[in-house]
Amino acid sequence: MQFDAVIVGAGPAGLMAAETMAAKGAKVAVCDAMPSVGRKFLMAGKSGLNLTKSEPLATFLAAFRGPDLIRDIVATYHNKTVEDWARGLGQDVFTGSSGRVFPTAMKASPLLRAWLTRLDAMGVQRFTRHRLVALKPDSAEFDTPDGAVTISAKAIVLALGGASWARLGSDAKWVEILERLGARVMPFRPSNMGFNVHWSTHMEPVFGDPVKPAILRAGDQKLQGEFVVSKTGVEGSAIYAVSAAVRDGAALSIDLLPNMNQREIQNALRAPRGKNSVSNFLRKRLKLSRVKIALLNEICRPFPADLSKLPFKSLELPIAGSRPIDEAISTAGGVDWASLDDDLRIKGANVFCAGEMLDWDAPTGGYLLTGCFATGRHAGAAALKLLNS
């Protein structure tokens, strides 16, 4: 089969590369190893598809960790661009109180259907159950249920994902293929993930309880949000937001009373305890939830005689490592930027890379998806330049 370009990986980055090229008349094939396209995209939208985040561009770009090039790329296809793109597919969006932007339908499936309909109209051909096994200068070779298949193309765009959620297709089995091309691949690390804490049995009644409101601090990061105490440790949006710093060795401390200062806490605890247990006294005087009291009991026993000396404002969680990489929402690591030029092209090859397989990182909250859209568009536009050269 002969195409102008073959896109390998049918997630957000790959589909955006395909759209960018097909919109200019290129004959494009999209191949994916899974039986259907966009599986991780659909999973991301299972509880509400967070497309991007509405905030000033400088603030938005600061969330991306990596070389300046990743921020430069996102600056050309940013949060407002993604909103306009979704509306162009007939999917209205709204901004939540946290600034996160969602499709009005909330789910990913209506957006994906509309997107695939547009790509079909552009002539993009999709091939599923096509697992990449080799790259040649002008072709890609695949293993399929019907045997080996070779697709010839002048440009190849890879959007193969990172190393988390292997069951959805992001299994990093492409590393050896790229290393044969001479590309360097940095080791993968979990990102946007939960952490292990070796709880005692006394914590079991609060497993699943949200800790809110709370302020989390890790390294130079500080944010207000909520997280969940789980059987294995801690997880949730606020934990994910500081996960990179904690993964890299920063201690994680929690302000359990973000709406009270230390003097207010001292004043509240001056009242006589009477016959109340310590837990009941703290609940009544400080309005602490049962999960916050459980955390104090778990970490701070034996309590000091002066309860105001408890670390309500800086409770350090005893983190015991991150959850397995396959449970992570995303991964850091991937194709080293030194192996690429500014077009995201592997040096010395007609192969471009996009999406999470690149060595960049960002928190959840719309940043990850926007980064995938932006790098997919950038790689697609660069591949068009190659076709037209």
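Two bridges tie β3 (52–53) to strand β5 (residues 100–103), and the two run antiparallel. Within that pairing, Lys53 has Arg100 in β5 as its bridge partner. Two strands count as paired here if DSSP finds at least two bridges between them.

A quick word on ground rules: this is a predicted model, where local features need pLDDT of at least 70, side-chain atom pairs count only at pLDDT 80 or more, and totals for chains, interfaces and linings use all residues. Residues are numbered from 1 along each chain as its sequence is written, and side-chain values use heavy atoms, with hydrogens and water left out.

**The chain as a whole**

The secondary structure comes to 13 helices and 18 strands; these are DSSP runs numbered from the N terminus, with helices being H or I of at least four residues and strands E of at least two. The C-alpha atoms fill a box of roughly 85 × 40 × 35 Å along the principal axes. Of the 389 residues, 54% count as buried, where buried means under 20% relative accessible area, exposed over 50%, and partly exposed in between (1.4 Å probe, protein chains only). Take the contacts between residues at least 6 apart in sequence, and 70% of them join residues at least 24 apart; a contact means heavy atoms within 4.5 Å.

**Just past β3**

Is Glu55 buried or exposed? Glu55 sits in the loop between β3 and α3 (57–62), and it counts as buried because its relative accessibility is 16%. Its side chain makes a polar contact with the side chain of Tyr367 at 2.6 Å. A polar contact is a pair of N or O atoms within 3.5 Å; within protein, one must be able to donate a hydrogen and the other to accept it, and residues adjacent in sequence count only if both atoms are side-chain atoms. Not counting residues up to four places away in sequence, Glu55 touches Phe60, Asn79 and Tyr367.

**Two partners for α1**

Two packed helices are described by the angle between their axes and the distance between the axes. Axes are lines fitted to C-alpha atoms, for helices over the stretch in contact, and angles run from 0 to 180 degrees between N-to-C directions.

| Pair | Axis distance | Angle |
|---|---|---|
| α1 and α6 (residues 109–121) | within 10 Å | roughly 30° |
| α1 and α13 (residues 367–388) | 7 Å | about 40° |

The crossing of α1 and α6 is left-handed, while α1 passes α13 in a right-handed crossing. Left-handed means that the near helix is turned anticlockwise from the far one by less than a right angle, and right-handed that it is turned clockwise.

On the α13 side, the α1 residues making the contact are Pro12, Ala13, Met16, Ala17, Thr20 and Met21, and their counterparts in α13 include Leu369, Phe373, Gly376 and Leu384. By class, that contact has twelve nonpolar, three polar and one charged residues. Nonpolar covers Ala, Val, Leu, Ile, Met, Phe, Trp, Tyr, Cys and Pro; charged covers Asp, Glu, Lys and Arg; the others, Gly among them, are polar.

On the α6 side, Pro12, Leu15, Met16, Ala18 and Glu19 in α1 meet Leu112, Trp115, Leu116, Arg118 and Leu119 in α6. The class tally for this contact is eight nonpolar, no polar and two charged residues.

**The six-stranded sheet**

Another open sheet has six strands, in the order β11-β14-β13-β12-β15-β16, again with antiparallel pairing. Its edge strands, each pairing on one side only, are β11 and β16 (315–316). Strand β15 (residues 252–255) pairs with β16 over two bridges, and Ile254 stands opposite Leu315 in β16.

Helix α12 (residues 290–300) packs on this sheet, touching β12, β13 (221–229) and β16, and its direction makes about 50° with that of β12. Which residues of α12 are buried? They are Val291, Lys292, Ile293, Ala294, Leu295, Leu296 and Cys300. Their cover includes β12, β13, α11 (278–286) and β16.

In helix α11 we find Val278, which counts as buried because its relative accessibility is 16%. Leaving aside neighbours within four places in sequence, Val278 is in contact with Arg273, Phe303 and Leu307. Val278 and Leu116 are 59 Å apart, C-alpha to C-alpha.

Finally, Thr201 lies in the loop between β11 (195–196) and β12 (210–218). Thr201 counts as exposed because its relative accessibility is 57%.
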